[in-house]
Every structure is written in C-alpha cells, then in structure tokens.
Amino acid sequence: MTKLADQMKRGLDAPICLTWELTYACNLDCVHCLSSSGRRDPRELSTDEAIAVIDELRRMQVFYVNIGGGEPMLRRDFFPIIDHATTSGVGVKFSTNGTYIDTDAARRLAAMDYLDVQISIDGADAATNDLVRGQGSWDTARRAMDALAAADFGEFKISVVVTRENVTQLDDLLAIADSYGAQLRITRLRPAGRGADTWHQLHPTDAQQRDLYHWLLERGDRVLTGDSFFHLNALGDPLPGLNLCGAGRVVCLIDPVGDVYACPFVIHDEFKAGNVRDPGGFASVWNSSDLFAELREPGSAGACASCGAYDACQGGCMAAKFFTGLPLDGPDPECVSGHGAAALAAATTAPRPDQDHSRARARAAAAAVPVTLGRR
Amino acid sequence: MTVHTATLGALRLHPNVAVRPEPFGALAYHYDTRRLVFLRHPQLVDVVHALHEHADLDTTMDALGVAETLRGPFQRAVANLAEACIVITRDSEEDRS
C-alpha cells in the first residue's frame with residue numbers, strides 16, 4: 001500500500017466521487033438494477049431540497065457528482081437540477097438509458113458545460129443487450145447516441161456492466177464507442193438490488209475474469225472502469241486506478257429520498273449513515289457519522305490475511321461480499337485465487353436487498369416468465 | 001514527454017482548476033479535462049497557489065522558503081501538473097489579453 005492509499009483509507013474531507021440516484025422511477029426493468037428501480041418513491045427530495053444538496057456539495061468542493069437512478073431524466077426538474085449544479089461548479093456525469101434523449105434534449109445537453117452523459121447498454125447487439133435491459137432498449141439507446149452525435153455533443157460515454165454474456169463482446173463495444181467518437185466505460189456486475197437474483201447466472205466465469213484482466217491490461221488506457229475491477233489485481237500487475245474499496249472513504253451514495261449510504265452498490269440499512277434532511281445535512285453525515293468513522297478505521301484482512309495476493313486485491317468488493325452472504329473480512333465471491341467459490345459454498349444465507357421499487361406488474365411478469373440466460 | 005520546469009517560466013493555476021485542501025495536501029480537479037490529481041504535500045499546495053505572484057517556480061519556492069530537500073520533488077510535481085494543464089504558462093493567457 002502506498003502512503004497515498006493509506007491516507008485515502010482514512011477518508012477525505014469530502015467525497016471524490018459521489019453517486020446521487022435522483023429517482024427510483026424508471027421506464028425499464030433491467031434484471032441487474034442495483035437500486036431495484038421502477039416506481040417513484042413519494043418521499044423523493046423536492047426540487048428545493050435537491051438544489052440545497054447541490055449548494056452543500058459546492059461548499060464542500062465536491063468537484064462532480066454522478067447522477068443516476070432510476071432514470072434521472074424522468075424527473076421533471078432534471079434540467080433545472082443539472083443546470084444549477086454545472087453552473088455552480090459541481091460537474092455532472094449522469095447515467096441514462098437514453099429514452100428521453102431526443103433531438104431537442106440532445107441539443108440542450110450539448111449546450112451545457114461540465115456535463116458528461118453516459119448511455120447504458122449491456123451488449124454489443126440488440127439480443128445480448130435486451131436480455132438484460134428489456135426488449136427495445138437497444139434501439140432506444142442507439143437512437144440516443146445518434147441524437148447526441150447529431151447535436152455535436154462531443155465525447156459522450158457508453159457504459160457497460162460486464163456480464164458472462166457480453167464479456168466476449170468488449171472489442172465490439174469498443175468499436176461501437178469509436179464509431180461515435182465516444183468513450184467506453186465498463187464496470188463490474190454487483191449482486192445488489194435486482195442483481196441479487198441474477199448475479200449467480202450473470203457474473204463472468206473464472207476464465208472470463210482472466211481474459212477480462214488481460215484485455216484491461218492491453219486496452220486499459222482506452223476505457224474507463226471506475227476502478228471497479230481491482231479484485232483482478234491479484235492476477236498480476238495492477239490495473240490503473242485506486243486499488244481500494246472507497247466506501248465511506250472517497251465515495252458514497254445519496255438515494256432519491258436523501259438517505260446516505262457508504263457504498264454506491266449497497267442500498268441497505270446496514271450501510272446507511274444518515275439523511276441529507278438531518279440537521280447538519282450531508283456534510284455532517286460525511287464528516288461525523290459513526291458508520292463512516294468505522295469504515296475509515298484500518299480493516300483486518302481476516303480470512304485473507306494468509307493470502308499472498310491480499311496487498312494486490314485488498315479483499316475485493318464489500319458490496320459483492322455483503323449481498324452474497326460472505327464475511328466482509330474474507331475473500332470476494334469472484335476471488336481470482338479461487339477462494340470465493342469455497343466461501344460461497346459455505347455461505348448459507350445472504351442479506352436480501354431491503355428495498356424494492358420494481359413496478360409490481362413488471363415483477364409479476366418477470367416471475368411468470370423467468371429470464372432465460374445463457375441462450376447460446 | 002517530460003516538461004522541464006526551468007523552461008516553463010511564469011506559471012499560474014489554470015482558471016478552470018479547483019483545488020480542495022485535504023489532510024495530505026490537496027486534490028486538484030480540472031473541469032475541462034476531468035482530470036483529478038493529488039498534491040501530496042501541504043507546502044506544494046501553497047506553492048501552486050502562489051505561482052502567479054512570482055516570476056517562475058524557483059522564485060516562488062524561494063519566497064515561500066521551501067526546504068532544499070523538497071525543491072527537487074516539487075519541481076517534478078509541478079512539471080507533472082504542467083503536463084496535465086493544471087498549471088499553465090502565464091504569458092499564454094495574460095499577455096494577450
């Protein structure tokens with residue numbers, strides 16, 4: 001561990017990377033949705049409250065915020081909110097399924113400074129993508145990309161969650177990004193939200209993880225990863241980026257009702273540190289919540305202490321362990337040294353995601369027609 | 001390509017860079033390039049903030065009384081910051097306006 005990484009572990013005065021899910025409302029019903037989105041939560045932050053959050057982030061000098069959802073563009077005040085952020089020095093990077101990026105919206109987005117747009121797709125063709133994101137979602141995302149390109153938005157991002165089905169398509173995905181002058185961003189599949197039910201079928205195999213690691217070593221300078229694959233570092237030379245779990249130290253999440261969670265991938269009571277509506281607001285949660293203080297304490301390597309790879313992988317991802325029922329001080333379920341499989345076999349129960357905003361009708365339909373994976 | 005600070009001349013912080021103090025020094029974020037860099041010494045932060053008041057990096061470090069042992073590391077750090085456009089040469093901005 002470098003000195004800088006040690007300092008990171010003790011936490012920063014404000015997050016580097018803050019995820020803000022603006023709404024649980026979503027027109028899609030992706031099988032891996034981290035926030036089990038679908039229906040709007042009636043307790044959602046009002047426009048004024050959202051603006052107040054931005055003002056607080058500006059005072060804390062949070063450089064930019066990652067806005068997501070749900071589908072953030074479903075909020076009627078989406079543009080006023082991001083306008084306020086970008087004009088007051090809080091850059092915005094937002095993730096969208098692209099449904100609401102038509103010609104007008106694309107022009108409006110292209111006219112803004114300090115704004116990054118990430119269009120989500122989860123495959124290099126309609127069949128692979130729609131399996132995860134729902135029928136028609138591929139065409140929708142491509143239309144949004146076309147609209148951004150036509151509006152001269154510049155370099156937008158294409159965001160892909162790496163799965164067993166699309167990990168073989170990374171070169172094709174890179175080619176799609178190149179065709180738009182866009183940047184490819186790939187992140188790790190987590191067993192959170194609806195992903196808790198699909199992770200076991202969808203996460204890359206051991207062999208695929210090794211291929212992914214080598215692919216990232218070769219092309220890592222051309223793709224963004226949000227540093228999400230640091231568990232692969234146990235395979236050899238480290239991938240670029242911060243090699244540590246940033247939960248409560250350099251990252252956190254604000255959910256649509258203002259709850260603050262340590263990790264963008266664990267919307268669960270056990271990792272809830274407070275609410276932006278509490279006295280003292282977000283700053284007080286970040287600076288003085290008991291949970292964040294605890295996460296900034298030096299951790300024990302636990303069951304990983306005797307493993308020579310621990311310095312490289314840091315035990316992997318807390319969210320992946322939590323939602324697969326593994327001890328947080330043990331191996332990652334996708335441990336590349338093979339300790340994950342044994343740990344998973346020993347885990348008898350896993351915490352369930354404690355919130356579900358899925359649209360009831362969509363859920364019933366999904367239950368009646370189970371998603372069939374591995375069609376090839 | 002390595003930038004040598006001796007050839008940079010008068011420097012300043014890029015106008016679209018924000019610097020946030022942290023226990024280890026500071027974080028600097030460039031809004032145009034979206035690059036985030038670490039200033040890993042509190043006095044380096046002072047140096048970066050004072051660049052625009054002095055003729056060059058050396059005179060800035062003289063004015064702030066930077067210890068001999070830190071001058072080499074600070075020169076390398078500022079060269080990296082120049083490469084990342086976090087600091088820029090002053091005449092490129094001001095002499096033209």
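# Exercises on a predicted two-chain model

Among contacts in chain B between residues at least 6 apart in sequence, 55% join residues at least 24 apart; two residues are in contact if their C-beta atoms, placed from the backbone, lie within 7 Å. The structure is a predicted model, in which local features need pLDDT of at least 70 and side-chain atom pairs count only at pLDDT 80 or more, while totals for chains, interfaces and linings use all residues. Residues are numbered from 1 along each chain as its sequence is written, and chains are lettered from A and ligands numbered from 1 in the order in which they are written.

## Exercise 1: Chain B as a whole

Determine the secondary structure content of chain B, its order along the sequence and its share of buried residues.

Solution. Begin with the elements: chain B comprises three helices and five strands. Helices (H or I, at least four residues) and strands (E, at least two) are DSSP runs, numbered from the N terminus. Next, reading along the sequence gives the pattern β-β-β-β-α-α-α-β. Then turn to burial: of the 97 residues in chain B, 28% are buried. A residue is buried if 20 or more other C-beta atoms lie within 10 Å of its own, exposed if 12 or fewer, and partly exposed in between, the C-beta atoms being placed from the backbone. Finally, consider confidence: the average pLDDT of chain B is 89, and 88% of the residues score at least 70, where pLDDT is the predictor's confidence in each residue, from 0 to 100.

## Exercise 2: The three-stranded sheet of chain B

Describe the sheet that contains β2, β3 and β4 of chain B, and state which strands stand at its edges.

Solution. Start from the strand order, which is β2-β3-β4 in an open sheet with antiparallel pairing; two strands pair if DSSP finds at least two bridges between them. The edges are held by β2 (17-22) and β4 (35-39) of chain B, and each has a single partner strand, so one side of each is left without a neighbour in the sheet. From one strand to the next, the twist averages 20°.

Now take the pairs in turn. Six bridges join β2(B) to strand β3 (residues 25-30) of chain B in the antiparallel sense; A18(B) has Y29(B) of β3(B) as its bridge partner. Between β3(B) and β4(B), which also run antiparallel, there are five bridges, and A26(B) has L39(B) of β4(B) as its bridge partner. Four residues lie between the strands of the β3(B) and β4(B) hairpin, where R34(B) takes a positive phi near 60°. To complete the picture, helix α1 (residues 42-50) of chain B lies across β2, β3 and β4 of chain B and runs at about 45° to β3(B).

## Exercise 3: A helix pair in chain A

How do the axes of helices α5 and α6 of chain A cross, and which residues make the contact?

Solution. Take the geometry: the axes of α5 (residues 126-133) and α6 (residues 137-150) of chain A come within 8 Å and cross at roughly 110°.

Then list the residues: α5(A) contributes A126(A), N129(A), D130(A) and R133(A), and α6(A) contributes S137(A), W138(A) and D139(A). These divide into two nonpolar, two polar and three charged, where Ala, Val, Leu, Ile, Met, Phe, Trp, Tyr, Cys and Pro count as nonpolar, Asp, Glu, Lys and Arg as charged, and the others, Gly among them, as polar.

## Exercise 4: N66(A) and Q61(A)

Decide whether N66(A) is buried or exposed, and locate Q61(A).

Solution. N66(A) belongs to strand β2 (residues 64-68) of chain A. With 20 C-beta neighbours inside 10 Å, N66(A) is buried. Leaving aside residues up to four places away in sequence, N66(A) touches C17(A), L18(A), T19(A), W20(A) and K93(A). Q61(A) lies in the loop between α2 (47-59) and β2 of chain A. Although not a glycine, Q61(A) has a positive phi of about 55°. It is partly exposed, with 18 other C-beta atoms within 10 Å.

## Exercise 5: The interface

How many residues of chain A are in contact with chain B?

Solution. The count is 11 residues of chain A, in contact with 12 residues of chain B. On the side of chain A that touches chain B, six residues are nonpolar, four polar and one charged. The model scores ipTM 0.82 and pTM 0.91.

Note on methods:
Axes fitted to C-alpha atoms, helices over the stretch in contact; angles between N-to-C directions.
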